[in-house]
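Good morning, and thank you for joining.

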Amino acid sequence: MHLTAARTAHTKGGVAPARAEDSRDADGMAVASFILGLLGLLVLNVLLGPIAITLATVALWRGTGRRGRAILGLGLGVADLVVLVTAIQLDHTVSWSL
């Protein structure tokens with residue numbers, strides 16, 4: 001079966017709405033990873049950093065339309081953990097505060 005014929009057959013079978021829903025979910029994950037990564041630079045970076053990284057990775061894996069936001073969320077999540085490790089090293093303790 002040709003690719004366009006397969007797409008037409010799937011659209012008639014109801015697969016297209018589920019695909020659109022997956023895309024919306026991935027877009028939401030990309031935006032959430034960006035926001036959580038940004039917030040993680042200020043508070044709770046030990047918690048928000050890994051969540052931002054996970055959401056961005058899943059959004060990219062699902063093929064989000066907001067690829068730039070997902071990449072920014074991934075970078076901010078990594079930056080959260082780098083800030084945490086740097087602050088811990090400078091303070092010579094496991095916990096740190098301003």
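Let me begin with the surface. The protein chain exposes about 6700 Å², and carbon and sulfur atoms supply 68% of that area. Please keep in mind that this is a predicted model. Of the 98 residues in the protein chain, 22% are buried.

Turning to the secondary structure, the protein chain has 4 helices and 0 strands, which gives the pattern α-α-α-α when read along the sequence. As for contacts, take those in the protein chain with a separation of 6 or more: residues 24 or more positions apart account for 64% of them.

I now come to the helix pair. Two packed helices are described by the angle between their axes and the distance between the axes. Helix H3 covers residues 45-61 and helix H4 covers residues 67-91; the two pack at an angle of about 155°, and their axes lie 8 Å apart. Angles over 145 degrees count as roughly antiparallel, so H3 is roughly antiparallel to H4. The crossing of these two helices, H3 and H4, is left-handed.

Which residues in H3 meet H4? On the H3 side they include Val-46, Leu-48, Ile-53 and Leu-60. Among their counterparts in H4 are Ile-71, Leu-74, Val-78 and Leu-81. Gly-49 in H3 also takes part, as do Gly-73 and Gly-77 in H4. Arg-67 and Asp-80 belong to the H4 side as well. By class, the contact of H3 with H4 comprises 15 nonpolar, 5 polar and 2 charged residues.

Definitions and conventions. Residues are numbered from 1 along each chain as its sequence is written. This is a predicted model: local features need pLDDT of at least 70, side-chain atom pairs count only at pLDDT 80 or more; totals for chains, interfaces and linings use all residues. Side-chain values use heavy atoms; hydrogens and water are left out. Axes are lines fitted to C-alpha atoms, for helices over the stretch in contact, and angles run from 0 to 180 degrees between N-to-C directions. Angles under 35 degrees count as roughly parallel, over 145 as roughly antiparallel, 65 to 115 as roughly perpendicular and the rest as oblique. A crossing is left-handed if the near helix is turned anticlockwise from the far one by less than a right angle, and right-handed if clockwise. Contact means heavy atoms within 4.5 Å. Ala, Val, Leu, Ile, Met, Phe, Trp, Tyr, Cys and Pro count as nonpolar, Asp, Glu, Lys and Arg as charged, and the others, Gly among them, as polar. Buried means under 20% relative accessible area, exposed over 50%, partly exposed in between (1.4 Å probe, protein chains only). Accessible areas come from the Shrake-Rupley method with a 1.4 Å probe; for residues, only the protein chains shown count as cover.
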